[in-house]
Amino acid sequence: MEKKVYSIDFAGRELTVEVGRLAQLANGSALIRYGDTAIISAATMSESPREGIDFFPLSVDYEEKLYSVGKIPGGFIKREGRPTEKAVLTSRNIDRPMRPLFPKDLRNDVTVVNTVLSVEQDNSPEIAAMVGASVAVSISNIPFNGPIGGVILGLVDGQVVLNPTQAQREASAMYVTLVGTADKIMMIEAGADEVPEDVMLDAIVKGHQEIKKIVALINQIVAEVGKPKIQYNSSAVPEALFADVKAFAYDEMRSAVLAVEKQDRDDAILKLTAAVQERLAEKYPEAPVAPAVVKEAVYNLEKKVVREYLMKEQKRVDGRALEDIRPLSAEVGLLPRVHGSALFSRGQTQVLTALTIAPMSEVQRLDGVDLEETKRYMHHYNFPSYSVGEARPSRGPGRREIGHGALAERALEPVIPDDVTFPYAIRLVSEVLMSNGSTSQGSVCASTLALMDGGVPIKAPVAGISAGLIVDDEDPEKYITFMDIQGIEDFFGDMDFKVAGTKAGITAIQMDIKVPGLSYDIIKDAFALTRKGRVKIIDEVILATLPKHRDQVSEYAPKILTTSIDPEKIRDVIGTGGKVINRIIAETGVKIDVEEDGKVYVATTDLEAGMRAIRIIEGIVKNPSPGDVFDGKVTRLMTFGAFVEFLPGKEGLVHISKLAAKRVNKVEDVTAVGEAMKVKVVEIDKQGRINLAKVLDE
């Protein structure tokens with residue numbers, strides 16, 4: 001293909017798309033330049049479908065290369081290893097809006113790889129990759145109902161900012177990744193500082209106008225260089241077979257899905273699947289239907305029954321009305337030795353969160369392509385197989401777990417106190433014990449209570465809940481939204497719209513959809529529903545369980561004492577080779593962290609030892625004055641007196657005449673090396689030598 005270059009003004013800066021020169025063996029590829037940010041995106045598809053699967057095998061990767069910011073990877077290996085958390089989240093953000101636009105019955109493997117080649121911090125590589133992925137797939141021969149475009153939304157001084165620069169991001173009250181087609185919104189991934197729903201919706205509308213420009217550019221590129229889409233082998237269940245399954249099993253399926261308990265429903269559907277398999281074997285003895293096809297046909301029937309019941313009867317399969325929330329409960333302090341804990345339950349969804357607070361030296365160190373080097377507050381989410389009654393070995397967190405942990409982290413970050421108010425590193429771990437939908441939002445609620453139980457002075461309680469959607473299969477303009485989706489509604493519905501926040505506004509959004517986009521009206525309805533739900537949870541569950549955070553941290557948590565010193569005197573506190581600070585640690589048993597700006601953090605479970613360490617540090621950096629009193633230790637004996645170290649690294653002389661109230665003939669008669677001695681500064685001579693006197697008991 002001949003090289004072609006296309007350009008557009010994108011949020012006030014030039015974005016360039018180059019096709020036809022690089023990665024020509026891929027089905028489709030593009031080089032995206034946004035300022036000095038450069039991304040290459042390539043899309044490929046296998047020649048034949050993968051056998052024995054009942055899903056579309058799409059893989060989207062976002063690969064950060066540290067040469068893009070002039071860094072050599074840390075560690076011994078010195079090459080990029082497993083993707084960073086941000087890279088995983090960016091891969092998810094590209095995957096989620098694209099996936100609904102591929103044919104549902106496609107079983108060929110499709111991979112989309114986005115490689116970060118160069119990064120200018122003011123121009124988002126994530127958005128450049130979003131555009132690149134859309135271009136690569138759209139111009140390829142891979143079936144796709146795009147294109148999509150994406151934009152970052154900021155809010156600075158009350159004004160919406162598109163693709164904010166680094167300085168604007170630091171001042172912004174929100175960071176929203178918005179993706180859409182020309183007509184609909186495909187994805188919202190947001191972190192916000194209690195932004196009201198109407199402000200968020202206004203930003204979404206403005207961002208979509210910019211997205212339409214990107215989509216128009218990609219459509220132009222497709223018209224000029226796009227390949228014809230291939231014909232593929234559909235994996236859809238044959239219509240005649242589905243008609244047979246529906247005629248035989250519709251009534252039984254309706255009875256099964258209306259079971260209140262998830263386990264009862266699952267058991268009934270397993271029995272029904274076996275009955276359908278037997279019935280089809282009788283009807284087609286010479287051409288047996290594969291078990292995988294039977295399973296998918298039963299799945300499709302279950303989906304049809306659930307959607308029809310919701311749409312036509314405006315009721316949930318568990319009997320709830322559309323705006324009802326499942327039974328709620330919470331308790332705190334379950335785990336006696338951890339620093340804070342809480343259990344939150346919503347129906348058959350149950351999440352246990354544990355809090356750990358630690359000295360600031362235990363913040364997470366980051367090694368990525370952006371400017372963030374440390375992270376003080378961390379949230380991790382675990383989803384073991386037993387939570388859904390399955391038997392699978394644990395293999396560490398996958399993309400879903402990382403994504404849900406990041407969502408809860410964003411939800412709570414705006415209410416976490418700063419390190420001056422609360423000088424701790426903070427880690428929350430949410431363990432999903434039972435799952436029947438919306439565990440990520442359950443982890444938000446459990447985490448709020450765990451923070452409060454641990455004495456973390458959060459600014460306001462945060463709760464999260466999700467809204468669902470069913471679009472009428474016969475009339476796409478007709479839809480219903482409903483609150484607090486459970487697993488079956490997540491599987492067969494069209495949307496999982498998660499919103500977390502305080503009473504004042506939104507702190508986080510994550511949107512998963514299975515339809516080709518949402519209208520502004522649907523988003524507005526989802527905002528209204530989730531606000532109603534989270535206020536109810538805050539008032540009736542969180543504050544009813546724990547009206548305010550505890551006044552003190554756990555007895556098992558370290559106590560952090562702080563002081564500030566002149567940065568020029570840090571070397572005096574550290575000492576040569578760490579000699580001074582290590583002595584303080586050995587003598588007091590505390591942990592000491594000294595920051596470059598002069599902040600000193602002392603961590604200890606013994607408050608008195610911590611106070612002693614603070615006094616020693618402050619004494620080291622203080623210039624002693626006549627009259628000051630110190631607890632010292634004799635280090636050397638001379639004929640004329642004893643040298644006493646009254647602060648680490650600081651000595652003074654107690655003259656023989658100042659060692660006792662009576663005359664002393666020999667220094668050895670009244671003291672010895674290593675003896676503790678309380679001394680007072682008597683004089684500091686012109687050479688800076690310090691003369692001391694023993695403080696005598698009265």
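Q: Leaving aside its neighbours within four places in sequence, what is I426 in contact with?
A: Bear in mind that this is a predicted model. Beyond four places in sequence, I426 touches L355, T356 and I357, then R376, Y377 and M378, plus I416, L451 and V456.

Q: And which residues have the most contacts inside the largest nonpolar core?
A: I426 is one of them, along with I188, M200, F497, L518 and F527. That core has 133 residues.

Q: Which helix gives the largest share of this core?
A: Helix α4, residues 197–225, which puts in 11 residues.

Q: What other core lies apart from it?
A: There's another one of 35 residues, and I570, I592, V600 and A613 are among them.

Q: OK, switching to strands. Which ones make up the closed barrel?
A: There are 5 strands, in the order β25-β26-β27-β29-β28, and the pairing is mixed. On average, neighbouring strands in this sheet are turned by 55 degrees against each other, ignoring direction.

Q: How many bridges join β26 to β27?
A: 6, and the two strands run antiparallel. β26 covers residues 641–647 and β27 covers 650–655.

Q: What does F643 stand opposite in β27?
A: That would be L653.

Q: Last topic, S91. Buried or exposed?
A: Buried, because its relative accessible area is 2%, under the 20% cut-off. S91 sits in helix α1, residues 85–98.

Q: Leaving aside neighbours within four places, what's S91 in contact with?
A: V60, D61, Y62 and R399.

Key:
Residues numbered from 1 in each chain as written. Predicted model: local features only at pLDDT ≥ 70, side-chain atom pairs only at ≥ 80, totals over all residues. Heavy atoms only, no water. Pairing = 2+ DSSP bridges. Helix = DSSP H or I, 4+ residues; strand = E, 2+ residues; numbered from the N terminus. Axes fitted to C-alpha atoms, helices over the stretch in contact; angles between N-to-C directions. Core = buried A, V, L, I, M, F, W, Y, C linked by side-chain atoms within 4.5 Å. Buried < 20%, exposed > 50% of the residue type's maximum accessible area, 1.4 Å probe, protein only. Contact = heavy atoms within 4.5 Å.
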